[in-house]
Amino acid sequence: MQMQTEHAHEPPRGWMRWLLTTNHKEIGSLYLLFSLAMLFVGGIMALIIRAELFQPGLQLIQPEFFNQMTTMHGLIMVFGAVMPAFVGLANWMIPLQIGAPDMALPRLNNFSFWLLPIAFGLLLSTLWMEGGGPNFGWTFYAPLSTTYAPPSTSFFILSIHIAGISSILGAINIIATIFNMRTPGMRLMDMSLFVWTWLITAFLLVAVMPVLAGVVTMMLLDINFGTSFFNAAGGGDPVLFQHLFWFFGHPEVYIMILPAFGIVSLIVPTFARKRLFGYRSMVYATASIAILSFTVWAHHMFTVGLPLAAQLFFMYMTMLIAVPTGVKVFNWIATLFRGSISFEVPMLFALAFIVQFTIGGLSGVMLAIVPADYQYHDTYFVVAHFHYVLVPGALFAIIAGVYYWLPKWTGFYPSESLGKLHFWLSVIGVNLTFFPMHFSGLAGMPRRIPDYALQFADFNMVSSLGAFIFGLSQILLLIVIYRCVKGGKPAPAKPWEGAEGLEWTVPSPAPLHTFEQPPVFDPQRDSPSRA
Amino acid sequence: MSGSYYVPAASHWPIAAVVAIALMAVGAGNELAYGRGGMLLVFGLLGIMWVIFHWFADVVRESRAGLYDEQMDRSFRQGMGWFIFSEVMFFAAFFGTLFYVRAFALPWLDGEGAKGITALLWPDFTASWPLMSPPSSEVKGPTGTVDPWHLPLINTVLLISSSVTLTLAHHALKVDKRFTCLNWLGLTLVLGAVFLVVQGIEYVEAYQQLGLTLQAGIYGGTFFLLTGFHGIHVTLGAIILAVMWLRLMNGHFSGHQHFGFEAAAWYWHFVDVVWIGLFLFVYVF
């Protein structure tokens, strides 16, 4: 039988082209643009929060609206900005890095993407419904999200279902692509670390998104059909909600950081002009983190009244995660050691990732200690911790990846001077925002409140100033991307001197169809794990 | 399989599916939150069914036209395998709920263990499973439970036999005995349908005679959550098998190429295994 790649038909023109596309590059771009839009929607919500918290007292918004803003900010950033950005990068880069012509299941890919605008349209529309949008925090703990929830909660649940379906199908597609579409000769241990980290992330997604679907289904039944899953009066337990949520929620944390590790593991060797130190240990460390992530969920619940044995178990397992994470940080540093380092914008973001993610990691170890967590729990210290891993962590890695691959996507280098300005304003803004939160948290300022006691005023003012610097400087990112799409210094196929990988063997910009014939891959010469 | 890959052409069905899901979600949300929107929900559901029919029809057509190579076949297999794994995790959440409630939540409400303080909420509460009297008098517990050695045992026999008949059908298909395969597959479908009828009878009895409802505290909740989602999956599995039966009638599949059939069979066996878990932990123990 003769198998031919079907490219005979021209892609549909106009906007229909984007609705129907099954091309991994177009879908990748759609994911990235969607994520960029959500970054600004969620970012505006963050700025509303920070504007209210600029001074003690209620100045701008009502507490009810404040609660909706904190909830929506979290949901949109987690499910709408960070996750789709990584999926977009996966769509663009995984086929290019493994020498595949497209994703394994291209129509499913289109379906996965277009579910997202529906999910988030539904979620955002709740803000205009009677009773307002979700106001129970992004963790939507029962009974706040069941007994005391606004009527719009059913819409929220459905939007989570749809986003979850999108994630599961996207993850299945990525797994099938990686296992099945590698160019002949490329073994698993020859794959780039971005591909490796995404493979493991996809496994996490397939394993835990269904649990999230299950828990929101139980919420739906409790709210609308009179069941008692999270209601102690009927023999259920609100703490059960937390167990189920965090069984999803903790692996979710790693879903948002493992691909970031992958991106940094590509950028650091490129600009240090050295091979990645400890390729294999990076793979094993990633897998270890993923496996351990299933055994640590209750560290989010130390103060809920767990038995002592459970507290000890979850404390030690959580601390154990620091070991493979430490392996990664040491490997990046060892890669830098005696390298010929240059500081282009992607490298700046990647280096800032390493430093700042480590700060977030260290505060994570502090939070893992049960007696210490009794003090930190539900304070701004926790807010500082997870924003350090997510903003200067995951988001910086995404931005680093965008700067790194923009020449491949557009055929032009992004502006180096604007990029550097963007970087420095971002670094200053982000640290000004989140570093003082450690102190306000240690001093006892609780999360999720629109007003606070006077002694927290100074730290909050600094945080708010930093937030506006950081938020506004992201407009530079928009400008850089826009200008890079329009033109600039033309980029060759391999725009970064020290870069390795199949994605640099195709022209810049990458044509719509690449690797219609599988590329030649010689592990002796091309593998990142070669001797 | 070196050489070129097969990349499927663009299709209208994914975006049509998204539109149908959007209609369904807006309808369902309005129905649940404000008691209006039922029609939209129905339209959405019909739309989803319509899309699924056509999308799969396209795939079947392409497969029959010989457009798919071994690599595409592997992608389908892996896709289905991981999809079933995600379903396993969906049920794992519900089984986890059952075990957590029985092992921790109820004993703690009764004052056991490190969380003895929770007993202060309802001092008269006594933990038991099945939970006949929930802690608060506002929640009315069931008056009886389903006897596992009556209808559920029949259902267990039905489903396990259906897995056996399906395997026999598969063996017949592998050696191109189309007629034998049709018979065994037809029997599988009958067994599945009878299972659903028996489950329906059991639900009616539970509601009318045992007071075992969704509202009957945590026992009713876990009972209907687990058996209900299982029942939905049996229904879906039976529809898929029925489609396979029709395709077989139309001369689709050959002894060495019948992944559609195999995927349906995987799904059916998965549903069967879930039932064994249900029978043991929801009904018997």
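**F515(A)**

I started at F515(A), which is buried because 21 other C-beta atoms lie within 10 Å. For my notes: buried means 20 or more other C-beta atoms within 10 Å of a residue's own, exposed means 12 or fewer, partly exposed is in between, and the C-beta atoms are placed from the backbone. I found F515(A) in the loop between α15 and α16 (523–526) of chain A. Helices here are DSSP runs of H or I with at least four residues, strands are E runs of at least two, and both are numbered from the N terminus. The phi of F515(A) is positive, about 50°, although this residue is not a glycine.

**Ground rules**

I am looking at a predicted model, where local features need pLDDT of at least 70, side-chain atom pairs count only at pLDDT 80 or more, and totals for chains, interfaces and linings use all residues. Residues are numbered from 1 along each chain as its sequence is written, while chains are lettered from A and ligands numbered from 1 in the order in which they are written.

**Confidence**

I checked pLDDT next, the predictor's confidence in each residue, from 0 to 100. Chain A averages 95, with 98% of the residues scoring at least 70. Chain B has a mean of 93, and 97% of its residues reach 70 or more. For the complex, the predictor gives an ipTM of 0.95 and a pTM of 0.95.

I placed D378(A) in the loop between α12 (370–376) and α13 of chain A. Is D378(A) buried or partly exposed? It counts as partly exposed, because it has 13 C-beta neighbours inside 10 Å.

Then I looked up the cis peptide bonds. One runs from A142(A) to P143(A), with omega near 5°, and P143(A) sits in the loop between α4 and α5 of chain A. Another runs from W129(B) to P130(B), with omega near 0°; P130(B) lies in the loop between α3 (70–109) and α4 (151–174) of chain B.

**Helix α15 of chain A**

I traced α15(A) over residues 457–486: its 30 residues reach 44 Å from first C-alpha to last, close to the 44 Å expected at 1.5 Å a residue. That expected span is 1.5 Å times one less than the number of residues. Its buried residues include F459(A), G466(A), F470(A) and C484(A). What covers them includes α2 (24–52), α13 (380–410) and α14 (416–442) of chain A. Just after the helix, G488(A) takes a positive phi of about 130°.

**Where the chains meet**

The contact takes 65 residues from chain A and 60 residues from chain B. Contact means that the C-beta atoms of two residues, placed from the backbone, lie within 7 Å. On the chain A side, α5(A) gives the largest share, 10 residues. I sorted that side into 40 nonpolar, 20 polar and five charged residues. In this sorting, Ala, Val, Leu, Ile, Met, Phe, Trp, Tyr, Cys and Pro are nonpolar, Asp, Glu, Lys and Arg are charged, and the others, Gly among them, are polar.

V211(A) is in helix α6 of chain A. It counts as buried because it has 25 C-beta neighbours inside 10 Å. Leaving aside neighbours within four places in sequence, V211(A) is in contact with residues of both chains, among them F248(A) and M89(B).

**The largest core**

The largest nonpolar core has 256 residues. Such a core is a set of buried Ala, Val, Leu, Ile, Met, Phe, Trp, Tyr and Cys residues joined through C-beta atoms within 7 Å. Its largest share, 25 residues, comes from α6(A). V264(A) is one of the residues with the most contacts inside it. I found V264(A) in helix α8 (residues 258–272) of chain A, and it is buried, with 30 other C-beta atoms within 10 Å. Not counting residues up to four places away, V264(A) touches W332(A), F353(A) and A400(A), among others.

**Chain B**

Chain B has seven helices and zero strands. Of its 285 residues, 38% count as buried. Its C-alpha atoms fill a box of roughly 70 × 40 × 40 Å, taken along the principal axes.
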